[in-house]
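Please read the report below alongside the sequence and the 3D view. It moves from the whole chain to its parts.

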Amino acid sequence: SDLINKDNKATILLMGLRRCGKSSICKVVFHNMQPLDTLYLESTSKPTKEEFKSLIDLAVMELPGQLNFFEPSNFYDSEKLFSSIGALVYVIDSQDEYLNALTNVSMIVEYAYRINPKIHIEVLIHKIDGLSEDFRMDTQRDIMQRVGDELLDLGLEGVQVSFYLTSIFDHSIYEAFSRIIQKLIFELPALENLLDLLIQYNKFEKIFLFDINSKIYVATDSSPVDIQTYEVCAEFIDVTIDLDGLYETGAEKLLLEDKNNKPIKCISKLKNGTILYLHQMIRGLALVALVRIDNGDTSNLSQKEIDDNVKTQLSIIDHNVCVFKKSLEKMWESSRIK
Ligand code: GDP
């Protein structure tokens, strides 16, 4: 089957019952579809595979809910399939009766884990936009408890399962995918170290390394992620593409690795004095950061002196970010996947 991973890609398998939201997630995250437009999507009826180039090569496979993987005719292929994937992402529709889904996910986890004990198991408690704040927590607790019990019954108490509350109507789906993909990046600890160093030597408050197309961040420094900061930085990518008047070809242009093309850079000052900083990296990635420049005591300085100070600091930042980009290139040349 052409679903089997023959080359060196980190593959994510997306599963779940019919209408749980698999196609919508793919369309919104990887094809910039507006969430409301997913209302009219055809339900998945055959396995589909999408490939993405990011820091690592990624493939996301979507399997239709009804497909019975455990029929003898499918058995051989599904064994190969599960042994080749990095993460199993199982989507549960939290607005629907989910007991069937829980039985289904436990069965799939049992199967996947026996074939490939290194597989990451990720459960999306999806469509939470329809649930009240309190009910979300109750639902999460209930699902975690029941999945835990089912796995215990199957003798799989050692299996690590991660849960995420998601919706395509806000940034939670991007946050979940960011964390899922980061687990598949072999170089992540090294990357995080580099980003921490950048923070240490500059005036950065927060740095994300974004995949421009999907707005998934493949790495960030070790300070905690605040969803609002993420949103501001993700939106800045769109603004930059708009501003450059590149919208039609913008995404492609940003993906070009033409050595003669100057990398796209953009700087913008927010009302509170924080500066948004974007610098294009390799392989469709962009470094987006929040910078806080402290001018110290400005009472004796002219506006020009203040501006010059900001300029100097920004050019130091530019220099350091270029050094980071070089490290990234080196890292990429010797890159592997987990
Ligand atoms: P699939 O069969 O698993 O591929 O499911 P679809 O992607 O076709 O989604 C089924 C329905 O769920 C569609 O009408 C989507 O608009 C809806 N849907 C998907 N994600 C969300 C979500 O996060 N919140 C809400 N409220 N609806 C969603």
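Among the contacts in the protein with a separation of 6 or more, 71% are between residues 24 or more positions apart. Two residues are in contact if their C-beta atoms, placed from the backbone, lie within 7 Å. This is a predicted model, in which local features need pLDDT of at least 70 and side-chain atom pairs count only at pLDDT 80 or more, while totals for chains, interfaces and linings use all residues. Residues are numbered from 1 along each chain as its sequence is written.

The protein has 338 residues, and 34% of them are buried. A residue is buried if 20 or more other C-beta atoms lie within 10 Å of its own, exposed if 12 or fewer, and partly exposed in between, with C-beta atoms placed from the backbone. The secondary structure consists of nine helices and 11 strands. Helices (H or I, at least four residues) and strands (E, at least two) are DSSP runs, numbered from the N terminus.

**Two domains**

Domain 1 covers 10-182 and domain 2 covers 188-333; these bounds come from an automatic or database domain assignment. The contact between them takes 12 residues from domain 1 and 14 residues from domain 2. On the side of domain 1 that touches domain 2, H1 and helix H5 (172-182) each supply at least two residues. H5 gives the largest share of that side, six residues.

Ala, Val, Leu, Ile, Met, Phe, Trp, Tyr, Cys and Pro count as nonpolar, Asp, Glu, Lys and Arg as charged, and the others, Gly among them, as polar.

| Group | Nonpolar | Polar | Charged |
|---|---|---|---|
| Side of domain 1 that touches domain 2 | six residues | four residues | two residues |

**The ligand**

The ligand is surrounded by 20 residues, and the closest are Gly21, Lys22, Ser23, Ser24 and Lys127.

Helix H9 (residues 303-333) has 31 residues and spans 45 Å from its first C-alpha to its last, close to the 45 Å expected at 1.5 Å a residue. The expected span is 1.5 Å times one less than the number of residues. Ile317, Val321, Phe324 and Leu328 of H9 are buried. An α-helix has 3.6 residues a turn, so residues three or four places apart point the same way. The buried residues of H9 pack against helix H6 (188-201), strand E10 (275-280) and strand E11 (285-291).

In E11, six of the seven residues are buried. Strand E7 (residues 204-211) runs antiparallel to E11 and is joined to it by seven bridges; two strands pair if DSSP finds at least two bridges between them. Here Phe204 stands opposite Val291 of E11. E10 also pairs with E11 in the antiparallel sense, over six bridges, and Tyr277 has Ala289 in E11 as its bridge partner. E10 and E11 form a hairpin with four residues between them, where Arg283 in the turn has a positive phi of about 50°.

**Met281**

Met281 lies in the loop between E10 and E11. Why does Met281 count as buried? Met281 is buried because it has 21 C-beta neighbours inside 10 Å. Leaving aside neighbours within four places in sequence, Met281 is in contact with Leu209, Ala286, Leu287, Lys325 and Leu328. Met281 and Leu328 are 47 residues apart in sequence, yet their C-alpha atoms are 8.2 Å apart in space.

Terms used: A residue is near a molecule or strand if its C-beta atom, placed from the backbone, lies within 6 Å of it.
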